[in-house]
4 protein chains.
Amino acid sequence: MVVKNMEEWDAFLFPYQQAVSELKIKLRGIKKEFERNRQTAPIEFVTGRVKPVSSIKEKMVRRYISEDRLAQDMEDIAGLRIICPFVDDIYKVVDILRKRGDLNILEERDYVHNAKNSGYRSYHIVFEYGIDLYNGEKSILAEIQIRTLAMNFWATVEHSLGYKHKGEFPDDLKKRLQIAATKTFKLDEDMLKIKDELEYINSSDSNIKDDE
Amino acid sequence: MVVKNMEEWDAFLFPYQQAVSELKIKLRGIKKEFERNRQTAPIEFVTGRVKPVSSIKEKMVRRYISEDRLAQDMEDIAGLRIICPFVDDIYKVVDILRKRGDLNILEERDYVHNAKNSGYRSYHIVFEYGIDLYNGEKSILAEIQIRTLAMNFWATVEHSLGYKHKGEFPDDLKKRLQIAATKTFKLDEDMLKIKDELEYINSSDSNIKDDE
Amino acid sequence: MVVKNMEEWDAFLFPYQQAVSELKIKLRGIKKEFERNRQTAPIEFVTGRVKPVSSIKEKMVRRYISEDRLAQDMEDIAGLRIICPFVDDIYKVVDILRKRGDLNILEERDYVHNAKNSGYRSYHIVFEYGIDLYNGEKSILAEIQIRTLAMNFWATVEHSLGYKHKGEFPDDLKKRLQIAATKTFKLDEDMLKIKDELEYINSSDSNIKDDE
Amino acid sequence: MVVKNMEEWDAFLFPYQQAVSELKIKLRGIKKEFERNRQTAPIEFVTGRVKPVSSIKEKMVRRYISEDRLAQDMEDIAGLRIICPFVDDIYKVVDILRKRGDLNILEERDYVHNAKNSGYRSYHIVFEYGIDLYNGEKSILAEIQIRTLAMNFWATVEHSLGYKHKGEFPDDLKKRLQIAATKTFKLDEDMLKIKDELEYINSSDSNIKDDE
């Protein structure tokens, strides 16, 4: 069994750090391109992080992943997050990501319309990403989570509560968090409906004007 | 009457741009300091922007502000935003800001517990901020908006809808947006209640442990 | 003949801006990787810029390039610069760049050992770089200039003098700038010689220790 | 005697890190302001760093500084560097820094015209800088080094050689580095003379034109 010291963790994580830095610039570029073209961007903001060593170790235990299988079996060591205004923007972003030549998508999981038990919603994409090191190319696994501002509110707060509590929530609180998640998604759907109606009104307006 | 050309707008806005850059670094430093001390940060993220010239002009018309009164009468040309996980974090952040020596707070408006008509909630702080230019010091007005992730969801989406629509929303939609705002704030309160209960459970646990 | 308005220039330059942002992160990653591995980095710092529209226009006139040939005929619209401590580091960097999968090198020009008439020294690499836009991939031309700190001193100062003067330097000054360039390169060679001697001394020291 | 563990070093260094981040933004603002006003900036670039713990410890030994005297006696834990094109720009920058309200200058050392024994040249400013922490204000010591591109070439290369060698250079090499430093400064003086002549030519030209 391998047991990495701090130095070796740093070396192991370097390509992931480089990948996260590059991907943040690239994904933020999508938002800039929409703004550049005076179009409404389906992206509100982009964040990224390399999983801290303590979280990697904790997940290795929880998921029975050995150190020598880390690169193949832990998909979210390099993690990106794209936050969208509306639910339909999530799928616009997924379409844009599928067209990119620099991401080799391995798996997609739609937790937007199939929420996790906890109530969690997001769209996950796991992909291979190639980076150039000074001795040659290397491919790593990474994950992008795409979600609305509302989903991000729920997921961030739930994570923060879990961090405070450690371990399972009491059943009562678990239930209340699920209910909050359902209400949150309901808000997302309401907002999308309002947007669609506004777009319909606007397009009718211009039709009427065109008729005159 | 003054009418600035593009060159003059650039010159006028330079101190605001510099202030926003400095304040982003400073406010993000608060978050870092909490993390550094392994404490839960009351700040999720910080953003900042200088108001685009087109928005300044539009607001000048709407609020009857003349160009030569801009520096005194338009308080949000330099705008910062602090996003918090929980409602009570907003007031922790306000307390921290009140202690700072580099912000001279002129006005506070609590739209958290006194929502605007539209449903909008946030805590606003208007302040003077001094920057050093190469010819000497200069003081400008700036505004920080402090809000939860949930309030930020509502405000961002509402702003995006308004941007699409231009002009007043139809009464029906206005009503539905207000209802969404109320539900959003209800979610914030639910989450805060869960946090408080968890903290109570944790503190009881440790009391019991201490008794053993 | 095409004549771009400001809006069209912005659209034309967007991919170049994105490329420069990505390449700055990538090239700075090389320096970080060396430091990460506790090795002396052959890179001191990296800069990048998109050529300002006024400079593009001025070069179009000087080189007889028409607007519709810009993307193919002007190679330095996206420009990166790598600054090295020692002359031999330039060639180490060139070797690392040649191995990268994300740069398709089209041309190399060694102005390090074949200075330009003016006295200018640097190593230039022209390459194709692919970026992913939201509608698909696109390939652009870009240039990396690799030079020592000393060469960068001379080139920056000479450029700054030219900027002040506009047009050709008087013959006498041209001559003095050439002499300064030669002296600058002599300093680079002196420093490299000192480094080589120090490395020889250090390796002899360790040989002696090994013998004991 | 205090002996800090890694955790305590992190806590001790936090205000220095924050100060360096703020000052980098502020000093780069000076360059931006000149460019904004279409004037030649006396600043080429700005860098900053917090001294690594290993270097702090090494300097504590060399200078007989105890851990509890660090904040008062080690002035370059927070270090900024301003690189100028020409020698006279150094003094323009010094004048600008003297006018700032956010730096309380304690000491200035002109190693530009009084080189150190090694040959090193730069202008050093030691100052107090106030930062706002979440519990109140705090003042720290920091240092800005101002030098030309040529001086920066010599200092960087000399530092890199020292890093490779550890310990004193052999006398012969020490001598050769001093000679290189003298030649480097001579180049700086030559370049400044050329700039002055060009400015004289340009001003005469415009006089002649004015006479016509």
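The legends below describe close-up views of a predicted model.

**View 1. Chains A and B are related by a rotation of 180 degrees.** Two copies of a chain are related by a rotation about an axis and a shift along it. Here the rotation that superposes chain A on chain B has 0.0 Å of shift along its axis, and the RMSD is 0.0 Å. That is the relation of a two-fold axis. The same surface serves both copies, as 100% of the contact residues of chain A recur in chain B. Among the residues of chain A, A:A150 comes closest to the rotation axis, with its C-alpha at 3.3 Å.

**View 2. A rotation of 180 degrees also superposes chain A on chain C.** The shift along the axis is 0.0 Å, with an RMSD of 0.0 Å. In chain A, A:E22 has the C-alpha nearest this axis, 3.2 Å from it. Because 100% of the interface residues of chain A are also interface residues in chain C, the copies meet through the same surface.

**View 3. Helix 1 of chain B covers residues 6-36.** This helix has 31 residues. From its first C-alpha to its last, helix 1 reaches 43 Å, close to the 45 Å expected at 1.5 Å a residue. At B:L13 the helix bends by about 40 degrees, and the proline B:P15 follows within four residues.

**View 4. Residues B:N5 and B:R38 are shown with helix 1 of chain B.** At the start of the helix, a side-chain oxygen of B:N5 reaches to within 3.2 Å of the backbone nitrogen of B:E7. B:R38 follows the helix and has a positive phi, near 50 degrees.

Conventions:
Residues are numbered from 1 along each chain as its sequence is written. Chains are lettered from A and ligands numbered from 1 in the order in which they are written. This is a predicted model: local features need pLDDT of at least 70, side-chain atom pairs count only at pLDDT 80 or more; totals for chains, interfaces and linings use all residues. Side-chain values use heavy atoms; hydrogens and water are left out. Copies are superposed by least squares on the C-alpha atoms of residues with pLDDT of at least 70 in both. Contact means heavy atoms within 4.5 Å. Helices (H or I, at least four residues) and strands (E, at least two) are DSSP runs, numbered from the N terminus. The expected span of a helix is 1.5 Å times one less than its number of residues. The bend at a residue is the angle between axes fitted to the seven residues ending there and the seven starting there. A polar contact is a pair of N or O atoms within 3.5 Å; within protein, one must be able to donate a hydrogen and the other to accept it, and residues adjacent in sequence count only if both atoms are side-chain atoms.
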